[in-house]
Amino acid sequence: MFGTVFVYNLKEKIIQHNIMRKFTLLTTLLLSATMLMAQYTDERLFADYLRRDLSSWGEYIDATDWNKIDTKERLRLINYEYGWIATAIDSQSPKSKEYLANFFTHIEQIRPEISQSTYCTYLSAAYAYEFMLDKSKLFSAGLKSFNLCKEAVEHDNTDPIALTLKGNVDFYAPKAFGGNKEKALDYFLKAKKYFKERGNYKYLWNYWSMEMCIAQCYEKTGRLDEAIAQCRAILAQNPDFTYIRDEYLPELLKKK
């Protein structure tokens with residue numbers, strides 16, 4: 001009888017110990033995620049974007065384990081990947097290919113949680129980055145990027161991120177390939193409308209990048225006064241937007 005009670009008590013202690021270990025592990029993971037979120041808030045990452053210092057974006061991406069975060073944080077992370085990889089490539093980061101490979105993987109894994117237009121937008125960007133890394137991939141990557149960009153808007157012509165990407169393509173593409181800065185401006189203005197309808201864009205880098213693109217379109221289409229007004233409107237809300245404040249607006253004022 002004593003032996004049976006002893007074994008029973010021992011099993012109970014082992015079960016309780018295992019439960020406590022799992023609880024401790026879960027608590028540690030939750031605390032780690034909370035600390036990570038506190039360190040890399042949207043407000044902080046946006047402030048660094050305004051100062052043209054995206055090193056914190058790379059740190060956030062490096063520090064975040066895709067397999068240990070929930071869907072909400074995955075959606076947040078992949079949008080920063082979308083913005084970060086071009087900078088990594090431009091700065092010739094040795095991790096550029098790794099970032100891009102992860103981006104491709106994450107796009108497919110998050111696909112059930114995003115719209116088809118957003119899926120095509122991210123995939124278009126991924127192929128554009130692949131072309132940036134290897135200019136010999138004009139048809140295998142560059143053409144895919146171009147077609148996916150158009151497809152994104154066809155799926156949803158109210159998706160502001162898709163519209164912004166299409167605007168960028170029309171802005172930078174040569175006329176022989178369909179480039180048109182007036183059309184680009186139309187896409188950017190539509191994107192602005194739908195960003196505002198969705199709200200919650202105060203610290204959203206995509207929105208403010210699009211606002212800057214509007215100013216550039218005004219300039220390139222000969223509407224210098226509107227470009228200057230656009231820059232001043234941006235600075236009224238974000239006085240630390242260093243590129244506009246210290247470079248772009250002064251250049252426009254010189255032209256005027």
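Visitor: At what angle do helix α5 and α6 pack?

Guide: Bear in mind that this is a predicted model. Helix α5 covers residues 96-110, and its axis lies 10 Å apart from that of α6. The angle at which the two pack is about 160°.

Visitor: Are α5 and α6 roughly parallel or roughly antiparallel to each other?

Guide: Anything over 145 degrees counts as roughly antiparallel, and this pair packs at about 160°. The crossing of α5 and α6 is left-handed. With that angle, α5 and α6 are therefore roughly antiparallel.

Visitor: How many nonpolar residues does the contact of α5 with α6 have?

Guide: On the α5 side you'll find S96, K97, L100, F103, F104, I107 and E108, and on the α6 side Y119, Y122, L123, A126, Y127, Y129, E130 and L133. By class, 1 of the contact residues is polar and 3 are charged. The nonpolar residues number 11.

Visitor: Moving along, how far apart are the axes of α8 and α9?

Guide: These two pack at an angle of about 165°, so they are roughly antiparallel to each other. Their crossing is left-handed. As for the axes, they sit 8 Å apart.

Visitor: How many charged residues does the contact of α8 with α9 have?

Guide: From α8 the contact takes in P160, I161, L163, T164, K166, G167, N168, D170 and F171, and these meet α9 residues including K181, K183, K190 and R198. By class there are 10 nonpolar and 3 polar residues. The charged ones come to 6.

Visitor: And which hand does the crossing of α9 and α10 have?

Guide: Helix α9 (residues 181-198) and helix α10 (residues 205-220) pack at about 150°, with axes 9 Å apart. That makes α9 roughly antiparallel to α10. The crossing of α9 and α10 is left-handed.

Visitor: How many polar residues does the contact of α9 with α10 have?

Guide: Among the α9 residues here are A184, L185, F188 and L189, while the α10 side includes Y207, M210, C213 and I214. By class, this contact has 12 nonpolar and 5 charged residues. The polar count is 1.

Visitor: Which helices each supply at least two residues of the lining of the largest pocket?

Guide: By class, that lining has 25 nonpolar, 10 polar and 2 charged residues. The helices that each supply at least two of its residues are α4 (71-90), α6 (116-133), α7 (138-155), α8 (160-172) and α10.

Visitor: Where does the largest share of the lining of the second largest pocket come from?

Guide: The second largest pocket has a volume of about 770 Å³. Of its 24 lining residues, L75, R76, N79, N200 and L204 are the closest to the centre. At least two lining residues come from each of α4, α6, α8 and α9, and the largest share, 7 residues, comes from α4.

Visitor: How many charged residues does the lining of the second largest pocket have?

Guide: Sorted by class, this lining has 13 nonpolar residues and 4 polar ones. The charged residues number 7.

Conventions
Residues are numbered from 1 along each chain as its sequence is written. This is a predicted model: local features need pLDDT of at least 70, side-chain atom pairs count only at pLDDT 80 or more; totals for chains, interfaces and linings use all residues. Side-chain values use heavy atoms; hydrogens and water are left out. Axes are lines fitted to C-alpha atoms, for helices over the stretch in contact, and angles run from 0 to 180 degrees between N-to-C directions. Helices (H or I, at least four residues) and strands (E, at least two) are DSSP runs, numbered from the N terminus. Angles under 35 degrees count as roughly parallel, over 145 as roughly antiparallel, 65 to 115 as roughly perpendicular and the rest as oblique. A crossing is left-handed if the near helix is turned anticlockwise from the far one by less than a right angle, and right-handed if clockwise. Contact means heavy atoms within 4.5 Å. Ala, Val, Leu, Ile, Met, Phe, Trp, Tyr, Cys and Pro count as nonpolar, Asp, Glu, Lys and Arg as charged, and the others, Gly among them, as polar. On a 1 Å grid over the protein atoms alone, a cavity is a set of points where a 1.4 Å probe fits but cannot get out, and a pocket is an open set with protein on both sides within 12 Å along at least five of seven lines; lining residues have an atom within 4 Å of a point. Grid points are joined across faces, edges and corners, and a volume is the space filled by probe spheres set on the points.
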